[in-house]
Amino acid sequence: MQLPMEPTMTGDQGATAYARIIAFENGRATLAAERKTACQSCAAAKGCSVPALARALGEKPLTFETDEIAAPRVGDWYQIVLPQSAILKLAAIAYLLPLAGLITMALAATMAGAGDGGAVIAGLAGLFAGHRSASLIAASPRISRLANPVVTGKSNAGTGETAACIGMD
């Protein structure tokens, strides 16, 4: 029986979803959770093109590895949480660095007397540099660990209810 895969926000806890174990090797379980767009619950969903874009690009499952699960079995479902603090840090990296690069370079070009065209070109260069910096930072092992969800419980047979998973089974 398939469980609901929609991510939900649960107060200060963060985004909660369900993931299924797809592999288990060398004491590490690989879990997969389907990607879902947030627009499905948005009031403006009828005018939003994000779901169409997601269909066009393909909705690949998000996979991650963990050694937090006791006695994992392929096919078992677990509740996972991406903490609110991780969401905020990842959003700051993804959005603020490119914006800071754009503004900084555009202001520097303006102060140097480059004119409007020069400011636009410098701003675009700063945007690209900020995006590249964000990509490099996001690929670092420290940030990659931050982006891994935390397994909070094993899902009971198709009910969506959870129990503590550490030491279970």
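Tutor: The protein has four helices and seven strands. From the N terminus, the elements run β-β-β-α-β-β-α-α-α-β-β. Keep in mind that this is a predicted model.

Student: How do you know how far to trust the protein model?

Tutor: By the pLDDT, which averages 76 in the protein. At least 70 is scored by 69% of the residues. Confidence is highest in helix α3 (residues 115-138), at a mean of 94. Confidence is lowest in strand β7 (residues 162-163), at 45. Over residues 157-169 the pLDDT is below 50, although this stretch has 38 contacts in the model beyond near neighbours in sequence. Where pLDDT is low, the predicted coordinates should not be read in detail.

Student: Why is Ala29 called buried?

Tutor: Buried means under 20% relative accessible area. Ala29 has 1%, so Ala29 is buried.

Student: Where is Ala29 found?

Tutor: In strand β3 (residues 28-33). That strand is mostly covered, with five of its six residues buried. In the protein of 169 residues, buried residues make up 29%.

Student: Which residues is Ala29 in contact with, leaving aside neighbours within four places in sequence?

Tutor: A contact needs heavy atoms within 4.5 Å. The residues that meet this for Ala29 include Ile21, Phe24, Phe64, Thr66 and Pro72. Take Phe64: Ala29 and Phe64 are 35 residues apart in sequence, but their C-alpha atoms are 8.4 Å apart in space.

Student: What makes strand β2 and β3 a pair?

Tutor: Two strands pair if DSSP finds at least two bridges between them. Strand β2 (residues 14-25) and β3 have five bridges, so they pair, in the antiparallel sense. In the hairpin of β2 and β3, two residues lie between the strands, and Asn26 takes a positive phi near 50°.

Student: How do you know that β3 also pairs with strand β4?

Tutor: Apply the cut-off of at least two bridges again. Five bridges join β3 to β4 (residues 62-66), so these strands pair too, and they run antiparallel. Leu31 has Phe64 of β4 as its bridge partner.

Student: How many of the contacts in the protein between residues at least 6 apart in sequence join residues at least 24 apart?

Tutor: The share is 70%.

Terms used. Residues are numbered from 1 along each chain as its sequence is written. This is a predicted model: local features need pLDDT of at least 70, side-chain atom pairs count only at pLDDT 80 or more; totals for chains, interfaces and linings use all residues. Side-chain values use heavy atoms; hydrogens and water are left out. pLDDT is the predictor's confidence in each residue, from 0 to 100. Buried means under 20% relative accessible area, exposed over 50%, partly exposed in between (1.4 Å probe, protein chains only).
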